[in-house]
Amino acid sequence: MTTAAHAPGDAPRPLIELQGIRKSYGGRGGRGGKEEGAGSPATTVLHGISLRLYAGEFVAVVGASGSGKSTLMHILGCLDRPSAGRYLFDDQDVASFDADALAWLRREAFGFVFQGYHLVPSESARENTEIPALYAGMPEAERRARATALLERLDMGARLDHRPHQLSGGQQQRVAIARALMNGGRIILADEPTGALDSKSGAEVMALLHELADAGHTIILITHDRSVAAQARRIIEIRDGRIVADSGEHTGEGAAAIAAAPSPVFSRPSVTGGASLPADIREATRAAWRVMWSNRFRTGLTLLGIVIGVASVIVMLAVGGGSQRKVMAQFETFGTRTMFVSVQLASLRNPSAPLTLDDALAVRALPNVEGVAPYIEDRVVVRRGNIDHLTEGGGATVDFSRVLGWGVSRGVMFDAEDERRIAKVAVIGETVRQRLFADGQDPVGQDILVDKVPFQVVGVLASKGATNGEDQDDRVVVPLSSAATRVYGHPHPTWLAVQVRDIDKAQETAAAIEAQLERQQAGRHVLIWNRVEALRVQTETARAMTLMLGLIAIVSLIVGGIGVMNVMLMTVRERTREIGIRVATGARQRDILRQFMTEAVLVTSVGGTVGVVAGLGIVVGLMLAGVPVLFSLAASVGAFGCAVLTGVIFGFMPARNAARLDPVVALAGE
Ligand code: ADP
Ligand code: MG
C-alpha cells in the first residue's frame with residue numbers, strides 16, 4: 001500500500017479519495033446509531049462529501065463550529081466509518097478493510113494531532129511518543145532512540161520524562177506531534193491543533209506543521225480559524241456538512257518533494273514487523289504494574305479476597321495434612337481395614353476362655369468380614385550358632401500376609417502345605433535377621449533354633465519399622481500348626497486380625513464379632529482394637545475438612561474474582577480515553593485485550609503471591625507453636641494458579657469490553 005510513482009503522462013493518482021461521504025447519527029440508518037441512542041431522530045452531519053487529496057498536500061479544512069469538520073477527520077483517519085459513500089485510500093476501498101487493516105492504516109499511514117492533545121496521563125512524554133511504534137513492533141532500543149530524537153528535534157529534549165500534567169499545553173501538543181511522527185506520519189491529521197494554545201505556542205505548532213509539509217508530509221489541518229487556515233496551501237471550506245469552497249488541488253508536486261528532500265528525523269522509519277511476544281508481554285506488564293501501583297490502595301483492598309482465599313487454602317491444607325499424617329502413621333503399618341480381636345486373659349477373679357481356631361472360623365463367617373488371621377504370640381529365644389536373641393515369636397496362618405498386608409522382602413512366605421505338614425519353616429523379621437545373620441549371610445535356607453527347635457528360614461519379612469515404640473521387625477513367624485505343637489504347646493490364638501470389607505460398617509462388624517465370640521464361650525470379655533473405626537472417623541473428618549476448605553477457597557476466589565472484575569471495569573471506564581488514544585495510534589483489538597488481560601493477571605498474581613507468602617508465614621508460625629503441619633508445594637502452586645485463573649476468567653469480560661470500544665466514542669469519553 002504505497003503511493004507508488006505513476007507512469008509519466010498518467011493523471012496523478014490521489015492518495016485519498018472521498019466519494020459522496022455521508023454520516024448520520026441516531027435513527028435507524030446511521031452506523032453510529034447504536035451508541036448514540038438509536039431512538040433519537042436521525043441527524044445527518046455530512047451530506048455527501050467528495051474530495052481528492054494528493055500526497056504532499058498541505059490542506060486546511062475550515063468551517064464554523066458544528067459544521068462537521070471533526071466528523072470528517074474521524075472518517076478520514078479511519079476512526080469512524082461513513083454511513084454512505086466510498087472512501088478510497090490509495091485506490092483501495094477502506095470499507096473492505098478489517099479491524100486489523102484499519103489499525104495498520106492508523107498506525108503506519110496516519111498521525112493524529114488533537115485539540116485536546118490526547119496524551120496518556122500515566123506515561124511520560126517519551127513513552128507517549130513511543131506508543132505507535134510499540135504497536136508497530138519496533139524494538140525497544142530503537143523506539144527509545146527515535147522518540148528521544150523526535151522530542152529533541154521539537155525542543156522537548158529537557159522534558160522527556162515529564163508526565164503530561166507536568167507540561168504546558170504547547171509542550172503537550174509537541175509531544176502529540178512527535179507521537180504522530182513516530183511511525184513516519186505520512187499523513188498528519190490535525191484537528192484544531194492550536195485551538196487550546198496561546199498565540200505564541202499556536203504559532204510554534206503552525207511553524208512545525210509548515211516544516212513537516214516542506215519535508216513532504218501530507219498535512220490535513222482542521223480549524224475554525226480563517227487566519228490559521230490561510231497558512232495552508234489548499235483551503236477547503238465546509239458548511240453544514242457540505243463543501244462550499246475548495247481552493248484547488250495541488251496534484252503531485254508534494255510527492256516529488258518527498259523524493260527530493262527526505263528528512264532524516266521525520267521520515268518514515270523502517271519498522272521490522274511484529275515484536276516478539278515476550279517483549280510485548282514485558283511491555284504490557286510494565287504498563288500494567290504502573291497502573292496498578294498508581295491505584296495501589298484500591299487494588300489492595302480488592303485483592304484481600306484473593307489473598308485470604310489463597311492463604312486459607314494453604315494453612316488449612318497444611319494443618320489438615322499434618323494432623324492426618326500423625327494419625328495415618330499409626331495405621332500405615334498394617335492394613336487400613338484391619339481390627340484386632342483378643343480376649344482378656346484368664347485370671348483368678350475372671351476365668352476367661354482363650355480364643356480358639358473355631359472362634360476364628362466363626363468370625364470369618366460374619367458379614368462384612370473379608371479375612372481373619374489368627375496369631376499365637378509369645379516371647380521366644382532364637383539361636384543361630386552361638387548367638388541368642390530374645391524376640392517376639394508367632395504362629396500364623398497363610399492369611400497373615402493378606403490380612404495384615406505383610407509380605408516378604410526376600411525368600412517366600414510359608415504356604416498351606418507347610419501349615420498342613422506342620423513344617424519346621426520360619427520367616428524372620430529384619431531385626432532378627434540383623435542379629436542372627438550379622439555376618440551378612442543370606443538367611444534363606446539356613447537353619448535357626450526357635451525355642452530349641454530347629455526351623456529352616458524360608459523368607460525375611462518386609463520391614464515395618466516401629467509402631468508406638470515397638471519394633472515390628474523384631475519377630476519370627478512360623479505356621480500356626482507348628483507354633484501350636486512344636487513351640488508353645490497350645491492352639492490358642494493370642495489375637496485375631498480381622499479385615500473388614502466396608503470400613504463404614506466397621507462399628508457394626510465389631511459389635512457382631514464381640515457378640516459372636518461371647519456366644520461361642522459365655523463369660524468372655526472380648527477386647528477389640530477397632531482401628532478401622534478410628535480411621536473411618538479420621539477419614540470422615542478429613543473429608544469434611546476438605547469440603548469446607550474447598551468451599552472457603554471457592555467462595556473467596558469468587559469474591560476475589562468479582563473484586564478483580566470490579567476493579568477492571570472501573571479501570572476500563574476511567575481509561576476509556578486512553579483506550580481511544582491507543583486505538584487512534586494504531587493499537588489492534590488484541591493489543592488492548594492483551595493489555596487489560598495482563599493487568600488482570602498481574603493484579604491476581606500479586607494477590608496470589610501475597611496470599612502464598614501470608615499462608616506460608618502462618619504455617620511456619622503454627623509449626624513453631626508445635627502444631628503438626630504438612631507443607632504441600634502442590635497446594636501452594638494450586639492456590640496460586642487458581643488465583644491467576646480467577647484473574648483470567650473475571651478479567652476477560654472487562655478486557656474484551658475495552659478492546660471492543662468504538663474509537664470515536666472512546667476518544668470522546670472522559
Ligand atoms: P466540528 O468539528 O466542525 O465542530 P463535529 O464534526 O464535531 O463539528 O460535529 C458536527 C455535528 O455532528 C454537530 O452538530 C454535532 O452535534 C454532531 N455530532 C457529532 N458527534 C455526534 C454524535 N456522536 N452523535 C450525534 N451527533 C453528533
Ligand atoms: Mg471539531
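The protein chain of the predicted model contains 21 helices and 22 strands. Of its 670 residues, 50% are buried. The accessible surface of the chain comes to about 29800 Å², and carbon and sulfur atoms account for 57% of this area. When contacts between residues at least 6 apart in sequence are considered, 78% of them join residues at least 24 apart.

Ligand 1 is surrounded by 11 residues, the closest being Gly66, Gly68, Lys69, Ser70 and Thr71. By class, this shell divides into 3 nonpolar, 6 polar and 2 charged residues. Helix H1 (residues 69–76) supplies the largest share of the shell, with 3 residues. For threonine 71, an N or O atom of the side chain is 2.5 Å from an oxygen atom of ligand 1. For serine 70, the corresponding distance from a side-chain N or O atom to a ligand oxygen is 2.7 Å. Serine 67 contributes through its backbone, where an N or O atom lies 3.3 Å from an oxygen atom of ligand 1. The ligand taken alone exposes 560 Å², of which the protein buries 60%.

Helix H1 also holds histidine 74. With a relative accessible area of 14%, histidine 74 falls under the 20% limit and is therefore buried. Apart from its neighbours within four places in sequence, histidine 74 is in contact with Leu79, Asp80 and Val664.

Helix H11 spans residues 357–364, and its buried residues are Asp359, Ala360, Ala362 and Val363. Viewed down the axis of H11, these residues fall within an arc of 165°, so they line one face of the helix. An α-helix has 3.6 residues a turn, so residues three or four places apart point the same way. The exposed residues Asp358 and Leu361 are carried on the face of H11 turned away from the buried side. The packing partners of the buried residues of H11 are strand S12 (369–384), strand S21 (495–500) and helix H16 (506–520). At the N-terminal end, H11 is capped by threonine 356, which has a side-chain oxygen 3.3 Å from the backbone nitrogen of aspartate 358.

The relative accessible area of arginine 588 is 17%, under the limit of 20%, so the residue counts as buried. Although arginine 588 and aspartate 100 are 488 residues apart in sequence, their C-alpha atoms are 5.9 Å apart in space. Beyond residues up to four places away in sequence, arginine 588 touches Asp100, Ala103, Arg107 and Tyr135.

With neighbours within four places in sequence left aside, serine 605 is in contact with Phe640 and Val644.

Key: Residues are numbered from 1 along each chain as its sequence is written. Chains are lettered from A and ligands numbered from 1 in the order in which they are written. This is a predicted model: local features need pLDDT of at least 70, side-chain atom pairs count only at pLDDT 80 or more; totals for chains, interfaces and linings use all residues. Side-chain values use heavy atoms; hydrogens and water are left out. Buried means under 20% relative accessible area, exposed over 50%, partly exposed in between (1.4 Å probe, protein chains only). Helices (H or I, at least four residues) and strands (E, at least two) are DSSP runs, numbered from the N terminus. The arc is that of the directions from the helix axis to the C-beta atoms. Contact means heavy atoms within 4.5 Å. A polar contact is a pair of N or O atoms within 3.5 Å; within protein, one must be able to donate a hydrogen and the other to accept it, and residues adjacent in sequence count only if both atoms are side-chain atoms. A residue is near a molecule or strand if one of its heavy atoms lies within 4 Å of it. Accessible areas come from the Shrake-Rupley method with a 1.4 Å probe; for residues, only the protein chains shown count as cover. Ala, Val, Leu, Ile, Met, Phe, Trp, Tyr, Cys and Pro count as nonpolar, Asp, Glu, Lys and Arg as charged, and the others, Gly among them, as polar.
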